[in-house]
Amino acid sequence: MKTNFDFLMPSVNFFGAGVIQKIGERAKMLKCQHPLIITDQFLEKMPQGPVAQTIASLTAAGIPYTVYDGVEPNPKIHNIQAASKLYRAASCDSLITIGGGSAHDTGKGTGILLTNGSDISQFAGIEKLTNPLPTLLAVNTTAGTGSELTRHCVITNEATHLKFVIVSWRNMPTVSFNDPLLMLDVPPRMTAATGMDAFVQAIEPYISTNRNPITDGQCLQAIKLIEHSLRTAVADGHNVQARTEMAEAEMLAGMAFNNADLGYVHAMAHQLGGQYDAPHGVCCALLLPTVEEFNLIACPERFVDLAKAMGENVAGLSTRDAAELAIKAMRQLADDVGIPHSIQAIGAKPEDFEMMATNALKDGNAFSNPRKATRQQIVQ
Ligand code: NAD
């Protein structure tokens with residue numbers, strides 16, 4: 001537990017039903033004269049969807065814009081190169097990202113190319129950026145990654161299939177928007193995957209070696225909300241209360257891991273995502289119970305707290321038995337929302353395991369895991 005720490009988040013974070021309507025006014029206050037909107041084709045074409053609503057608000061504020069609609073899941077280097085080219089060609093002066101983690105990371109990566117240098121891979125690691133990014137307004141549409149308010153930018157090198165993370169306070173969006181009404185049409189499988197990502201992002205910081213008293217509270221509250229609402233959001237996407245609670249949870253979890261870091265689940269999930277282009281939340285959810293079974297002996301009392309936050313009755317149980325209920329509850333949640341049971345489901349091949357384990361141990365998220373693993377343990 002850290003008792004001296006700096007706590008980072010964007011200076012302004014809009015939350016709640018309908019907050020998207022404020023984006024034009026806020027862009028004007030930030031003196032954005034011609035933002036580049038970074039999104040994907042699906043969201044761009046959605047009638048009355050997040051892009052349409054953003055554009056209506058910008059138009060009402062008299063702000064012209066250009067759209068880059070080439071965002072791909074697990075964004076690649078060629079995405080940020082294309083977006084930065086368009087930014088320059090259209091003489092843009094700011095960025096608006098609309099979507100989930102892939103859109104926000106594409107926006108951050110674009111900003112890095114524009115103001116720090118053209119070889120993005122040289123900035124992988126911690127605090128390697130030297131210049132501020134353009135003003136960035138992040139409109140979040142999935143209750144998952146927290147990228148709309150974090151200092152992380154995750155990019156995949158399409159040539160090597162390696163996902164790398166650029167961690168810097170300069171990556172933080174200027175303003176974030178979390179409007180649960182924009183999330184009502186996320187399909188059930190994507191709701192499950194992104195919700196499980198938020199869940200893992202609440203669990204890993206709670207047992208991280210870099211945790212602090214503020215992130216502890218955020219993690220437990222996020223876990224309670226997810227336990228209460230993820231199943232409902234998957235079963236009935238138009239349930240506004242469930243979507244609102246999931247959006248609250250993802251924001252809390254995002255703030256928590258932004259400041260307390262993550263662990264081996266993310267370090268290993270990045271290898272699966274980079275290698276097999278699989279959905280990030282599914283990779284995290286698949287790995288979670290096994291990694292936490294390994295971590296349990298490092299901090300069993302923390303797992304008892306997690307079990308309680310997930311509504312388990314631990315009265316009269318030994319610490320070990322109570323802690324194991326947390327793992328059981330994690331498995332149950334993943335099962336209930338339809339996460340597959342094996343990494344074979346995303347095409348993982350045993351011949352890749354040694355290489356992925358080596359890279360997982362080098363991933364920035366590995367260093368705050370509460371128990372140190374050997375490469376062989378990661379392979380297992
Ligand atoms: P995503 O951004 O890749 O989006 C997945 C799909 O959901 C897309 O096809 C998109 O069109 C669709 N979608 C998004 N919003 C929708 C809506 N409102 N309605 C209907 N469909 C919608 O998914 P994600 O899980 O949010 O992001 C994953 C990426 O984020 C991965 O690359 C992961 O590594 C990264 N990530 C980043 C951070 C960070 O802090 N930077 C943290 C965790 C994960």
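A polar contact is a pair of N or O atoms within 3.5 Å; within protein, one must be able to donate a hydrogen and the other to accept it, and residues adjacent in sequence count only if both atoms are side-chain atoms. The structure is a predicted model, in which local features need pLDDT of at least 70 and side-chain atom pairs count only at pLDDT 80 or more, while totals for chains, interfaces and linings use all residues. Residues are numbered from 1 along each chain as its sequence is written, and side-chain values use heavy atoms, with hydrogens and water left out.

By these terms, a polar side-chain atom of Ser-102 is found 2.6 Å from an oxygen atom of the ligand, and an N or O atom in the side chain of Lys-163 lies 2.7 Å from an oxygen atom of the ligand. For Asp-105, a polar side-chain atom lies 2.8 Å from a nitrogen atom of the ligand.
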